[in-house]
Amino acid sequence: MPRIWRHEDGRWPNLAALTYCLAAYAGGLALITQGSLLLALPGILLLAHGLVIGAYLIHECAHNTILRDNRWNARLGETLSWLVGSAYGDYEGIRHKHFRHHVDRADIVAFDFRVHLQRHPAVLRVIQALEWLYIPAVDLLMHALVLILPFTLPSRRHRRARVIGVLLTRLAFFGLLVALSPMALVYYAIAYLLFLHVLRFMDVHQHTYPLFEHLEQAQGESTPAFDRAHEERNTYSNLVSVRHPWMNLLTLNFGYHNAHHTRPTEPWYRLPALHRGLYGDQTDRVLPVGRLLRAYHRHRVARVLHADPPDRPVGDPAAFVGVVGVSFLTAH
């Protein structure tokens, strides 16, 4: 057989992850379209988790860790992007933004939404009220802008046809869901909000990076040069469980974030071993998930406008506000 995997030891882990992602997504859809609340509840959870694994497989595709040919990784990433609802944006744009995050050792965005929200107090109050209600309004706004910006920014006009094409396929898909069961659309929306919360929770406390509006500028043009020591000081690992490492598979080992930043091309299934080799039993870079859950709840409104300053030790994780709006699924 021709070699298709980037690493031979990745055949079964990646096959298992891809199979689970598709099975969970399909199984979740099947359950939420049955018209039964009892079936809808597990269906929502299964669908949400299928989306989570799909998103982290896109992250692996962006690092070219799954398939041998980078073009195949891109095609797989594009396909999964439709699944998780991020196909309105260009996959290469998503990959470029994440590449800048690693190379510049900062959060590089096209614009800082905090500045814009402060110019529109009424919109800010609505966003903060929704966040208080545990609706991830900032993430929804960032995803919505992927559809809107091509029709408002001349520099993104070339993306209009893609947005319209993907929107039509998504509308047809949701129309089919409604035809099967009117409540399925509501259940899908709940699953999608849970999916956004999981991705946000994993993102929000992994860095105390500075943020720059330099995504549409050339690399190194105006972003300060940060070294590897800066990267390590401002990166944290948020493992689902230290005692039971298998539980970290719930987020495809994305919580081993220091190991990932030390070696970005290391595939997801090798990260636990890399983490042990780098840190052993040291816990100074690992933040307890229980304390982070408390922080996630406590600072959900303040987080809209706040980000922790770089190079300040976290101290009590429950006081770690964190940052939102830097998802790798949006290219701005």
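Which helices each supply at least two residues of the lining of the second largest pocket?

Author: This is a predicted model. Three helices answer your question: H2 (37–62), H9 and H13 (289–298) each supply at least two residues of the lining of the second largest pocket. H9 gives the most, with 6 residues. The volume of the second largest pocket is about 320 Å³. Its lining divides into 12 nonpolar and 3 polar residues, with no charged ones.

Now the largest pocket. About 360 Å³ of space lies in it. The lining counts 19 residues, and the closest to the centre are Gly85, Tyr88, Arg170, Phe174 and Tyr192. H9 (184–204) turns up here too, as one of the helices that each supply at least two lining residues. The others are H7 (137–148) and H8 (160–180). By class, the lining of the largest pocket has 14 nonpolar, 4 polar and 1 charged residues.

General point: rolling a probe the size of a water molecule over the atoms shows where empty space is left. A search of the whole structure finds 6 cavities of 30 Å³ or more. The largest cavity has a volume of about 210 Å³. Of its 14 lining residues, His98, His101, Asp107, Asp203 and Val326 are the closest to the centre. Helix H4 (91–104) and strand E1 (107–108) each supply at least two residues of this lining. H4 has the largest share, 3 residues. The classes are 6 nonpolar, 5 polar and 3 charged.

The second largest cavity has a volume of about 90 Å³. It is lined by 13 residues. Nearest its centre are Asp139, Leu199, Arg200, Asp203 and Ser327. H7 and H9 are the elements that give two or more residues to the lining of the second largest cavity. H9 gives the most, with 5 residues. The residues of this lining divide into 7 nonpolar, 3 polar and 3 charged.

Now the whole protein around these spaces. It has 13 helices and 2 strands. With 332 residues, a compact globule would have a radius of gyration near 20 Å, and the protein agrees, because its own value is 20 Å. Its C-alpha atoms fill a box of roughly 55 × 55 × 40 Å along the principal axes. Of the 332 residues, 52% count as buried. Take contacts between residues at least 6 apart in sequence: 72% of them join residues at least 24 apart. The accessible surface comes to about 15400 Å², and 66% of that belongs to carbon and sulfur atoms.

Asn64 is found in the loop between H2 and H3 (70–84). Asn64 has a relative accessible area of 12%, so it counts as buried. Leaving out residues up to four places away in sequence, Asn64 touches Arg6, Asn70, Asn73 and Arg95.

Technical notes
Residues are numbered from 1 along each chain as its sequence is written. This is a predicted model: local features need pLDDT of at least 70, side-chain atom pairs count only at pLDDT 80 or more; totals for chains, interfaces and linings use all residues. Side-chain values use heavy atoms; hydrogens and water are left out. On a 1 Å grid over the protein atoms alone, a cavity is a set of points where a 1.4 Å probe fits but cannot get out, and a pocket is an open set with protein on both sides within 12 Å along at least five of seven lines; lining residues have an atom within 4 Å of a point. Grid points are joined across faces, edges and corners, and a volume is the space filled by probe spheres set on the points. Helices (H or I, at least four residues) and strands (E, at least two) are DSSP runs, numbered from the N terminus. Ala, Val, Leu, Ile, Met, Phe, Trp, Tyr, Cys and Pro count as nonpolar, Asp, Glu, Lys and Arg as charged, and the others, Gly among them, as polar. The radius of gyration is taken over C-alpha atoms; the globule rule is 2.2 Å times the number of residues to the power 0.38. Buried means under 20% relative accessible area, exposed over 50%, partly exposed in between (1.4 Å probe, protein chains only). Contact means heavy atoms within 4.5 Å. Accessible areas come from the Shrake-Rupley method with a 1.4 Å probe; for residues, only the protein chains shown count as cover.
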